[in-house]
Amino acid sequence: MTSSDRKRDNQAQKDMGKPRFAGLSSMLGSGRYKLYLSLGSGSILSFASGCALLSLLEEAGLAERVEEVWGNSSGAIVGGLWSAGMSAEELVQVMSRLKVSMVRDVALSHIIGGILRRPGSPNAIDGILKGDKLERLVERHLPVKTFEGCAVPFRCIAYADDGSDTVHIFDSGPLAPAIRASVSMQWVFLPKRIGGITYLDGTMAEKTPIKSLMEYHLRGKDGRKPLILAIYNGWDEAYHRLKRSHFGLLGRANQFKEVLQSRAFNAQVELARGRGAEVVVLSPGSYDVGTLALGRFRDLYERALSVMGERLEGV
């Protein structure tokens, strides 16, 4: 379904007196809920799913009900740009034009130096790309440059590599460096150092921000319940019903990672629900997509629009 098709469908439902996502609209109209978006990691799949959710909410007239956006890794890029003032349509255009060359800045001296050192030493290879081009690309597209300037409050997370096992919540100061810290994808981008602390990708602790979001919400003492639309770009129940097999070292390593991440996410969701939150988990309906398969954005985006639209109709 194209964007114009969706707009006609939305208009047809309005003409019949039935708004799209009526259940979600009713919950928000009650005044009992604070609407959060939580955009998880997942590289190009995260770009596609995040853009799809924002498009669906904008077209249904619900985007203005979003009170806070959280992002991790690639989800921090989408969430940060939208919160700073870009529309979903503008985001889709930007993501459609992405090429690997636009973020490729090989950390050659770091790699050579790492090869010559002992494995496990402080100067061992920590990533392939510097991440400077990515940070400049994000900076260039940001309508505003600080958290404080965002039209919608925005938070992103990164893992502090200081031995404290701490997830750091960025919520003030410059946007681009914080987003870059969140996108310190292991083995791809070098860690980001800010204020004397080295940060790794937030996926180390939360693939999709749930635990950090809930702790932040409870500190704020808002009397309303959090209503969290959470995108999880990984293996879920629908994936397991496919009963796919995995073989070889890389296949097993990926299986190990996905199972651990999904179990951790499910546990965090159940904990949030136990603390009074309504959590709607959204899946893009695509799996095992290559990290840098940027050319697949349009197909993944259209698939996510369909699958996530159906899920939101059921709220």
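This presentation describes the fold of one protein chain and then looks at several of its residues in turn.

Good morning. The model shown above is a predicted one, in which local features need a pLDDT of at least 70, side-chain atom pairs count only at pLDDT 80 or more, and totals for chains, interfaces and linings use all residues. Residues are numbered from 1 along each chain as its sequence is written, and side-chain values use heavy atoms, with hydrogens and water left out.

Let me begin with the chain as a whole. The chain holds twelve helices and eight strands; these are DSSP runs numbered from the N terminus, with helices (H or I) of at least four residues and strands (E) of at least two. Along its principal axes, the C-alpha trace spans about 70 × 45 × 40 Å. The radius of gyration is taken over C-alpha atoms, and the globule rule is 2.2 Å times the number of residues to the power 0.38. For 315 residues a compact globule would have a value near 20 Å, and the chain, at 19 Å, agrees with that.

How much of the chain is buried? Of its 315 residues, 51% count as buried, where buried means under 20% relative accessible area, exposed means over 50%, and partly exposed lies in between (1.4 Å probe, protein chains only). The accessible surface comes to about 14,800 Å², and carbon and sulfur atoms account for 54% of that surface. Such areas come from the Shrake-Rupley method with a 1.4 Å probe, and for residues only the protein chains shown count as cover.

Contacts tell us about the fold as well. Contact means heavy atoms within 4.5 Å. Among contacts between residues at least 6 apart in sequence, 75% join residues at least 24 apart.

I turn now to the strands. Strand S7 covers residues 225–231, and six of its seven residues are buried, so S7 is largely enclosed by the rest of the structure. Which strands pair with S7? S1 pairs with S7 in the parallel sense over seven bridges, and strand S8 (residues 278–282) is joined to S7 by five bridges, also running parallel. Two strands pair if DSSP finds at least two bridges between them.

Ser38 belongs to strand S1, residues 33–39. Ser38 counts as buried because its relative accessible area is 0%. Beyond its neighbours within four places in sequence, Ser38 is in contact with Trp70, Thr208, Pro209, Leu213, Ile228, Leu229, Ala230 and Ile231.

Next, the helices. Why is H4 described as largely enclosed by the rest of the structure? Ten of the ten residues of H4 are buried, so that description applies. The buried residues of H4 include Gly75, Ile77, Leu81 and Trp82. Gly85 follows H4 and has a positive phi, near 130°.

Leu300 is placed in helix H12, residues 297–313. With a relative accessible area of 1%, Leu300 is buried. Its contacts, leaving aside neighbours within four places in sequence, are Ile44, Leu45, Ala48, Ser286 and Val289. Leu300 and Val269 are 31 residues apart in sequence, and their C-alpha atoms are 25 Å apart in space.

Finally, I come to the loops. Most residues other than glycine have a negative phi, and most peptide bonds are trans. Ser73 has a positive phi, near 55°, in a residue other than glycine. Ser73 lies in the loop between strand S2 (66–72) and helix H4 (74–83), and counts as buried at 2% relative accessibility. Lys243 is not a glycine either, and its phi is positive at about 55°. Is Lys243 buried or exposed? Lys243, in the loop between helix H10 (237–240) and helix H11 (248–274), is exposed, with a relative accessible area of 72%.

Val106 is partly exposed, at a relative accessible area of 39%. Not counting residues up to four places away in sequence, Val106 touches Ile111, Ile128, Leu129 and Lys130. Val106 and Ser184 are 78 residues apart in sequence and 14 Å apart in space, C-alpha to C-alpha. Thank you for your attention.
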